[in-house]
Amino acid sequence: MFSELIDEVPSDSSFKFNFSAKDNLCTIDFQTRAGSRILDGYRPPFDATPVSRLRRAGGLLIGKTNMDEFGFGTFCTNSGYGVPRNPFDIERSCGGSSGGAAAAACLLEDHLSLGVSTGGSISCPASFCGVVGLTPTYGRVSRYGLVDYGNSLDKVGILARSSSMIKNHFPTIAGSDPMDPTSCAQPTLDLDDTQIDSIAVPREAMENIHPSVRDSFLRALDIMRDQLSIDIHEVTIPSLRFALPAYYVLATSEASTNLARYCGMRFGVRGDDVTQHFNDYFSSVRSKNFGKEAKRRILLGTYSRMVGFRNRYYLKALSVRQTTISDYARVLKEHDVVATPTMPFIAPRFSEIERMKPIEMYRADFLTVPPNLAGLPHISVPCGYVDSMPTGMQLVSRHWSEGTLLNIANLWEGVFQYRFPGAQQ
Amino acid sequence: MKSETIEEVARIARLKLTETERTEFSKDLEEVLEYFSMLDEAPGEKEYGLNPIEILDMLREDEVRREIDPELLIRMMDTFEELVRGPRLV
């Protein structure tokens with residue numbers, strides 16, 4: 001699950017806690033390869049802001065966690081550095097793309113994992129590995145030092161065994177940073193307890209869910225209603241069905257431009273023949289070192305931005321994102337959070353993943369993508385166990401309302417016991 | 001997707017595809033683009049931004065700062081007598 005690990009834990013006890021960082025966050029003392037062969041050997045000369053802030057708060061960075069190449073994946077099977085295995089069943093996926101981060105959060109007690117989500121890369125692995133994963137509002141945490149996937153979508157968050165651990169450390173990484181202008185328009189973080197009265201459950205999110213996962217989610221809602229006295233309301237958010245294609249258009253468009261910088265000169269690996277013309281040099285380095293999914297997404301994103309297709313795909317996707325934001329705002333005016341299962345199934349076996357087509361993999365993200373597209377904060381908490389594998393519940397709140405999510409997760413932990421592999425049940 | 005189209009997209013993206021990749025990606029992209037076509041019927045709003053939240057127009061003071069040692073940056077690149085080595089331009 002780690003792509004690089006500290007050699008030896010320092011004997012002095014001045015560190016207050018330990019943490020790991022997903023391998024797309026720059027770190028001065030470890031390579032930063034973002035799961036890609038093209039970044040092999042890259043050692044950044046600086047720390048990403050969330051990493052430096054945790055270090056200043058007394059954190060010991062113990063290693064970098066494995067991930068899908070540049071964040072391109074739902075199952076963490078697209079890394080150039082091996083595939084992390086699910087702590088509950090090693091024949092199954094950890095989820096992606098922050099798969100290593102979720103496995104570390106699950107297996108190591110009192111460990112904080114920095115993860116990154118573009119379209120669900122914190123919620124999905126949190127759900128598959130049975131841990132809590134907070135994805136903040138877009139712009140809440142500085143992206144300075146993050147290897148970009150989709151600039152208008154990337155968010156740095158935290159995975160851990162409990163919401164209280166996240167609550168303790170989230171204020172450290174949150175807050176404006178002059179090095180990332182998108183972090184500078186945020187209101188003050190408010191983590192005070194608030195009254196949670198009402199949960200909205202979109203009807204559209206209950207379709208195409210594995211029956212046992214749906215039952216587990218419905219049981220969780222019953223507990224919320226009966227033991228926490230929270231009202232549950234069914235709502236409709238018709239635009240949810242368009243969020244997935246809009247997301248993949250925007251994400252691949254942004255990724256295809258971001259990945260243009262990897263050409264064998266400034267970062268990571270170099271080509272072996274500088275006598276080539278630059279076009280041939282760049283193409284040969286990129287063709288040799290990008291993985292299959294990275295190539296697929298570069299091609300897709302390049303196509304969507306081409307003359308003649310830009311209006312149909314890219315600009316339309318931007319306008320659909322606005323509709324999704326408005327639809328959520330309408331529902332969240334009357335309800336505190338929107339709840340759905342996090343993933344439509346439990347962590348799949350690697351043998352099942354091998355048989356899936358790319359489009360089937362993309363479609364598996366249909367529940368995690370909408371809040372990510374809209375830049376809304378969300379949290380995934382374990383909400384049940386099917387065949388000894390965890391299932392997740394995803395809660396979405398208004399922009400900048402991370403406090404509401406941590407509050408409801410904390411209430412949930414008072415009435416539902418999480419399980420971890422190897423622990424006495 | 002036609003073979004010429006994917007070849008053109010790959011050229012723009014600076015990727016050289018093998019015959020196997022070309023066939024495989026053509027099929028994959030065809031399926032994904034067919035799925036994307038549902039956006040044609042999606043209701044969209046006239047006003048929209050490039051980001052999901054409002055962004056402040058931030059400018060830093062225009063002053064010289066050196067946060068990262070240039071020597072360090074140069075050391076990470078392929079150099080020859082303090083010159084960065086790169087592929088042929090002409």
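The notes below go from the sheet of chain A to one of its helices, and then to chain B.

Please keep in mind that this is a predicted model. In chain A, eleven strands form an open sheet with mixed pairing. Chain B has three helices and two strands, and 42 of its residues are in contact with 57 residues of chain A.

**The sheet of chain A**

- From one strand to the next, the twist averages 30 degrees.
- Helix α13 (residues 402-415) of chain A packs on the sheet, where it touches β7 (132-135), β11 (337-341), β12 (378-386) and β13 (389-396) of chain A.
- The direction of α13 in chain A makes about 20 degrees with that of β12(A).

- As background, strands of a sheet pair through backbone hydrogen bonds, either parallel or antiparallel.
- Strands β6 (residues 111-117) and β8 (residues 155-160) of chain A are joined by five bridges in the antiparallel sense.
- Here A:S117 is found opposite A:K155 of β8(A).
- On to β7(A), which pairs with β8(A) in the antiparallel sense over three bridges, with A:G133 opposite A:L159 in β8(A).
- β7(A) and β12(A) also run antiparallel, joined by three bridges, and A:L134 stands opposite A:I379 in β12(A).
- In a regular strand the side chains alternate between the two faces of the sheet.
- In β7(A), A:V132 and A:L134 point one way, while A:G133 and A:T135 point the other way, and all are buried.

**Helix α5 of chain A**

- Helix α5 (residues 211-228) of chain A has 18 residues.
- From its first C-alpha to its last, α5(A) reaches 25 Å, close to the 26 Å expected at 1.5 Å a residue.
- Which residues of α5(A) are buried? They are A:V213, A:S216, A:F217, A:A220 and A:M224.
- Seen down the axis of α5(A), these buried residues fall within an arc of 100 degrees, so they line one face of the helix.
- The buried residues of α5(A) pack against β9 (198-202), β10, β11, β12 and β13 of chain A.
- After α5(A) comes A:S229, with a positive phi near 55 degrees.

**Chain B on its own**

- Starting at the N terminus, the elements of chain B follow the order α-α-α-β-β.
- The radius of gyration of chain B is 23 Å, whereas a compact globule of 90 residues would have one near 12 Å.
- The C-alpha trace of chain B spans about 50 × 45 × 20 Å along its principal axes.
- Of the 90 residues in chain B, 14% are buried.

**Where the two chains meet**

- How many residues of chain A are in contact with chain B? There are 57, and they meet 42 residues of chain B.
- On the side of chain A that touches chain B, α6 (240-258), α7 (278-289), α8 (292-304), α9 (311-334) and α11 (358-363) of chain A each supply at least two residues.
- α9(A) gives the most to that side of chain A, with eleven residues.

Terms used: Residues are numbered from 1 along each chain as its sequence is written. Chains are lettered from A and ligands numbered from 1 in the order in which they are written. This is a predicted model: local features need pLDDT of at least 70, side-chain atom pairs count only at pLDDT 80 or more; totals for chains, interfaces and linings use all residues. Two strands pair if DSSP finds at least two bridges between them. Helices (H or I, at least four residues) and strands (E, at least two) are DSSP runs, numbered from the N terminus. Axes are lines fitted to C-alpha atoms, for helices over the stretch in contact, and angles run from 0 to 180 degrees between N-to-C directions. Two residues are in contact if their C-beta atoms, placed from the backbone, lie within 7 Å. The expected span of a helix is 1.5 Å times one less than its number of residues. A residue is buried if 20 or more other C-beta atoms lie within 10 Å of its own, exposed if 12 or fewer, and partly exposed in between; C-beta atoms are placed from the backbone. The arc is that of the directions from the helix axis to the C-beta atoms. The radius of gyration is taken over C-alpha atoms; the globule rule is 2.2 Å times the number of residues to the power 0.38.
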